[in-house]
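User: I would like to learn how to read a few features of a protein model. Please take them one at a time.

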Amino acid sequence: MSQVLYDEVPSLDLADFLSGDPQRKQRFVEELGRAYQNIGFVAIKNHGLSDALTNQLYTTIKKFFALPDEVKMKYHLAHLAGQRGYTPKGKEHAKGRNTGDLKEFYHVGQEVEGNDPIRSQYPDNVWPTEIPEMEEVCVTAYKTLEKAGKHMLQAIALYLGLDEFYFEDKVRNGNSILRPIHYYPIENPDSVPADAVRAAEHGDINLITLLMGASADGLQVLRRDGQWIPITALPEQVVVNVGDMLARHTNDYLKSTIHRVVNPPREKMNTSRFSIPFFMHPRSEMDLTVLPSCVDASHPKKYDDITAGDFLNQRLAEIGLKK
């Protein structure tokens, strides 16, 4: 197919996929696939997150990040390698870099349903006693975004010529993460390393990422011609991008595109930016072996066989969260 250089992220309506109208559904699948083959990002509306829930979530996480650092550190559990709870400022860095990103974040993981033995693989979530409402609002947002993510994976499966529910058992009680992020104010820009940025250029580890609209500009995606373009989404949209696991599984047929969060102008470095991505992961046993349908004479197999769990552990070490 022809390569397209997008000037902005394509916008789609998830209601088209769920409409029950075969033509609307097929059009959604084709437009999604075209975008994922070229730029790896789309913005979707009708994803299930209400304005009320979104506002409540942002209000709640802003209250947490406003707590004194010594209080937040009560919820930093170093032995969990950042899987749950609080990760302090500058701890994480992009793959291939040593300078920490100018951010702090909180991880909320899967609340396993039923008697699934995978429960033993996941640590319990950690909830700050200072913000009692945080558990309910974060778990509700997690489940809402997970449901939207499953619909997106159904569309992806159809585009790949797979059964619509190919991913269903692979993401049931998957190792997904809701990550409220605070890109904290820098009062003196000269006090941080010259190469420090809010989030250095990187690809996401997981299958897909669903990103709620951030509170300030700064997110950029690297187009295939080497030009950085801004990611702008309307307030009612969620940005959904391909992660490295899905790119690997499809032999890069679907693109995990490098992106970053740049610093604001120097005079605005003393302002906060909040962002809440949902990283959709499969179960650790998912086989990420390249799909046979994505290999041919022109596209030889690029990746060794690996499970999602082993791939995740490799990457957590590379970005400084796991030794």
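**Reading contacts, burial and packing**

Analyst: Leaving out residues up to four places away in sequence, Asp16 touches Arg24, Lys25, Arg27 and Phe28, where contact means heavy atoms within 4.5 Å. This is a predicted model, in which local features need pLDDT of at least 70 and side-chain atom pairs count only at pLDDT 80 or more, while totals for chains, interfaces and linings use all residues. Residues are numbered from 1 along each chain as its sequence is written, and side-chain values use heavy atoms, with hydrogens and water left out.

User: Where is Asp16 placed, and is Asp16 buried or exposed?

Analyst: Helices (H or I, at least four residues) and strands (E, at least two) are DSSP runs, numbered from the N terminus. Asp16 is in helix α1, residues 14–17. Buried means under 20% relative accessible area, exposed over 50%, and partly exposed in between (1.4 Å probe, protein chains only). Asp16 counts as buried because its relative accessibility is 17%.

User: With which side chain does the side chain of Asp16 make a polar contact?

Analyst: A polar contact is a pair of N or O atoms within 3.5 Å; within protein, one must be able to donate a hydrogen and the other to accept it, and residues adjacent in sequence count only if both atoms are side-chain atoms. The partner of Asp16 is the side chain of Arg24, at 2.7 Å.

User: How do I read the packing of α2 and α5?

Analyst: Two packed helices are described by the angle between their axes and the distance between the axes. Axes are lines fitted to C-alpha atoms, for helices over the stretch in contact, and angles run from 0 to 180 degrees between N-to-C directions. Helix α2 (residues 22–38) and helix α5 (residues 134–159) have axes 9 Å apart, at an angle of about 85°. Angles under 35 degrees count as roughly parallel, over 145 as roughly antiparallel, 65 to 115 as roughly perpendicular and the rest as oblique. So α2 and α5 are roughly perpendicular to each other. Residues making the contact include Phe28 and Leu32 of α2 and Met152 and Ile156 of α5.

User: How many disulfides does the structure hold?

Analyst: A disulfide is a covalent bond between the sulfur atoms of two cysteines. The cut-off used is a pair of cysteine sulfur atoms within 2.5 Å, and the structure holds zero disulfides. Cys138 is buried, with a relative accessible area of 0%, and Cys294 also counts as buried, at 11%.
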